[in-house]
Amino acid sequence: MSKLCSFTMFVLILLVALSLPKCLMGQRGVAPRDLWCVAKNNAVDQALQEAINWACGQGGANCGPIQQGGACYDSNDIQRTASWAFNDYYLKNGLTDDACYFSNTAALTSLNPSFDKCKFPSSLSVNNGSIYASTGTIQMGPDNADLSSSNRAGGTWFLPLFTSYLFVVFTWLIH
């Protein structure tokens with residue numbers, strides 16, 4: 001009887017582990033998401049300006065679009081200016097958390113910071129270190145798109161969880 005209980009417990013743990021949503025099991029199975037590195041809204045303007053200067057200079061970011069006459073130029077909004085510089089640096093430097101730090105003035109977001117004619121490339125538009133777009137502009141999906149990876153109950157996690165529940169009930173009934 002003890003072996004049966006041990007086997008039952010093993011199978012239960014295995015079924016529960018297999019029933020977890022894929023998003024809780026690591027990167028495999030999780031749909032990729034667009035990410036952008038943007039300026040934090042609570043960052044001090046002076047710190048943002050220093051970070052912009054570094055990113056556009058020593059950091060090697062392409063800051064042409066935020067220069068006067070560029071599609072992303074906005075002399076009245078240092079947040080947008082910094083976001084462009086930060087995002088370009090992030091995309092060119094490995095898409096790592098460290099590449100989106102800038103003395104704690106930047107953060108990753110899944111909200112597209114593009115505005116007017118200024119189209120920010122995202123993490124999904126990077127291919128082997130090169131930023132690409134087939135038409136010169138980044139095509140975006142609908143604004144109300146559901147980006148969650150667990151929006152369907154059947155087939156992804158509900159069925160294995162329900163099966164685990166039935167197994168536990170059945171095991172309890174035969175004991």
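**Disulfides and a helix pair**

Tutor: A disulfide, meaning a pair of cysteine sulfur atoms within 2.5 Å, joins Cys56 to Cys63, S to S 1.9 Å. Keep in mind that this is a predicted model, where local features need pLDDT of at least 70, side-chain atom pairs count only at pLDDT 80 or more, and totals for chains, interfaces and linings use all residues. Residues are numbered from 1 along each chain as its sequence is written, and side-chain values use heavy atoms, leaving out hydrogens and water.

Student: Which hand does the disulfide of Cys56 and Cys63 have?

Tutor: Look at the torsion about the S-S bond. For Cys56 and Cys63 that torsion is about -85°, so the disulfide is left-handed.

Student: Is Cys56 buried, exposed or partly exposed?

Tutor: Buried means under 20% relative accessible area, exposed over 50%, and partly exposed in between (1.4 Å probe, protein chains only). Cys63 is buried at 8%. Cys56 has a relative accessible area of 27%, which makes Cys56 partly exposed.

Student: How far apart in sequence are the parts that Cys37 and Cys100 tie together?

Tutor: The sulfur atoms of Cys37 and Cys100 sit 2.1 Å apart in a disulfide. Cys37 lies in strand E1 and Cys100 in the loop between H3 and strand E2; helices (H or I, at least four residues) and strands (E, at least two) are DSSP runs, numbered from the N terminus. So the pair ties together parts separated in sequence by 63 residues.

Student: What pattern do the disulfides of the chain follow?

Tutor: The search of the whole structure turns up three disulfides, and one of them joins Cys72 to Cys118. Counting bonded cysteines along the chain, the pattern is 1-5, 2-3, 4-6.
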